[in-house]
Amino acid sequence: MKAAIFKQPYEVAYADIARPSDPQEGEAIVRVMACGLCGSDLHPYRGAEKGLQPGTVCGHEFAGVIEQVGAGVSLAPGTRVAASFTTACGQCWFCTHSLSSRCKSARLFGWIDESGSGVHGGQAQFVRVPHADTTLVGLPDDVSFEEGVLAGDIFSTGYFCAKNALNALADSGLSPCDLTVVVIGCGPVGLCAVAGARMLGFGHMYAIDRVESRLQMAQQLGATPVYPGQNPDDTIKAATAHNGGYGADAVLEVVGAYEALDLSFQLVRPGGVVSSVGVHAHDRGFPVSPEQLYNKNITFCSGRCPARSLMEESIQLVSLSGILQIISHRVPLSHAPEMYAKFEKQADGILKVIFDPWG
Ligand code: NAD
Ligand code: ZN
């Protein structure tokens, strides 16, 4: 079969590899019908995340049709499904308490470490899925494979980021429509955070990025863009003048860079919340001290999105969210090497890439 495989930093290849077969107990083999390229795929691609074994099939966003199942799997061959980006056993304390991302046996698709442990990814024609019944979700007939791909990772993650912020402000006495939220980073996940914040009812939304076209997309999704020439601090203070100009009630950090987290703490008001889903694959530490957090009564939320715990909800929301418009490229999987390079450089207006493994 054909797959995109990781070779080394800055090199992904489109290759012929052995097709997964002979599903073991609890496993399914899924015929992939659509798969996504994610900002998280860029961390190993850039060499910022280390330890990925060369030859690993890339990607953790995919949807398709069950081809074959092992013993004990109740999903039937032929079922249309989407996967969450990490596997979930469905049984452990975390899986049964809405935190599938901390499942005791969770594996990130597309991550096989140097000792050979892990699971191959979904940027392929077929993928082996452990814990199939509790990692895969059946797609209703009116939900497309693309929507399933977005629900399995980026839509759920953006929604999770916004929802954490709203939950943290529950005791503020303010209703969502009174709240000001700033989204830092308007890549695919940040744009999903804008869409998620809008669905949760946040009344005032601002978006920050360095790339103008991404800010324009944030605007289309309902946020006011803060352009690179504008001073974000002054802009957000002015935008919250009705509340004393103290700053944003919530800042969503969706970059994974020290500067973005630093800016989040500058823009949030005392008593506000910084909700971060960016993967901080750097060694620069945390931009504020416990004392600074204390002196502003800041709530800080972060972590890997429990996508499997949220997927039933996000599958319902994804088509209403307007987020499909962020898909800028629908291309055959054979274009993967070129798409990784362009996405990394933010070239050609690239925003969200969906691959067709059969195109
Ligand atoms: P991306 O790289 O496509 O987007 C990042 C955006 O941030 C870009 O548009 C870039 O221009 C902008 N940016 C960079 N530095 C900035 C700065 N200092 N200030 C403002 N904007 C800045 O990535 P993505 O796919 O949108 O993902 C965003 C982050 O979310 C990544 O770190 C990714 O790994 C992470 N992620 C986390 C989870 C989770 O479960 N927590 C899931 C998926 C992705
Ligand atoms: Zn992802």
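**Entry 1: the second largest pocket**

I looked up the second largest pocket in this predicted model and noted a volume of about 180 Å³. Its lining comprises 16 residues. Nearest the centre of this pocket I found Pro20, Val119, His120, Val127 and Arg128. I then asked which elements give two or more residues to the lining. They are strand S7 (118-119) and strand S8 (126-129). S8 gives the most, with 3 residues. By residue class, I recorded 11 nonpolar, 3 polar and 2 charged residues in the lining.

**Entry 2: the zinc site**

I turned next to the zinc ion (ligand 2) and listed its protein donors: Cys38 through SG, His60 through NE2 and Asp153 through OD. These donors lie 1.6 to 2.2 Å from the ion.

Are Cys38 and His60 buried or exposed? I noted a relative accessibility of 3% for Cys38, so this residue counts as buried, the cut-off being under 20%. His60 also counts as buried, because its relative accessibility is 4%.

**Entry 3: the domains**

I checked how the chain is divided and found domain 1 (2-153 + 306-356) and domain 2 (156-302). The C-alpha centres of the two domains lie 27 Å apart. To the contact between them, domain 1 gives 25 residues and domain 2 gives 20 residues.

**Entry 4: helix H3**

I examined helix H3, which spans residues 145-152, and asked how many of its residues are buried. The buried residues are Phe145, Glu146, Glu147, Gly148, Val149, Leu150, Ala151 and Gly152. I marked that Glu146 and Glu147 are listed among them.

**Entry 5: Ser264**

Last, I looked up Ser264, which I located in helix H8 (residues 258-267). Its relative accessible area is 0%, and I therefore recorded Ser264 as buried. Which residues does Ser264 contact, once its neighbours within four places in sequence are left aside? I found Ile184, Val251, Glu253 and Val274.

Definitions and conventions:
Residues numbered from 1 in each chain as written. Chains lettered and ligands numbered in written order. Predicted model: local features only at pLDDT ≥ 70, side-chain atom pairs only at ≥ 80, totals over all residues. Heavy atoms only, no water. Donors = N, O, S within 2.8 Å, 3.2 Å for Na, K, Ca; no water. Buried < 20%, exposed > 50% of the residue type's maximum accessible area, 1.4 Å probe, protein only. 1 Å grid on protein atoms, 1.4 Å probe; cavity = no way out; pocket = protein on both sides within 12 Å on 5 of 7 lines; lining within 4 Å. Points joined across faces, edges and corners; volume = space filled by probe spheres on them. Helix = DSSP H or I, 4+ residues; strand = E, 2+ residues; numbered from the N terminus. Nonpolar A, V, L, I, M, F, W, Y, C, P; charged D, E, K, R; others polar. Domains from an automatic or database assignment. Contact = heavy atoms within 4.5 Å.
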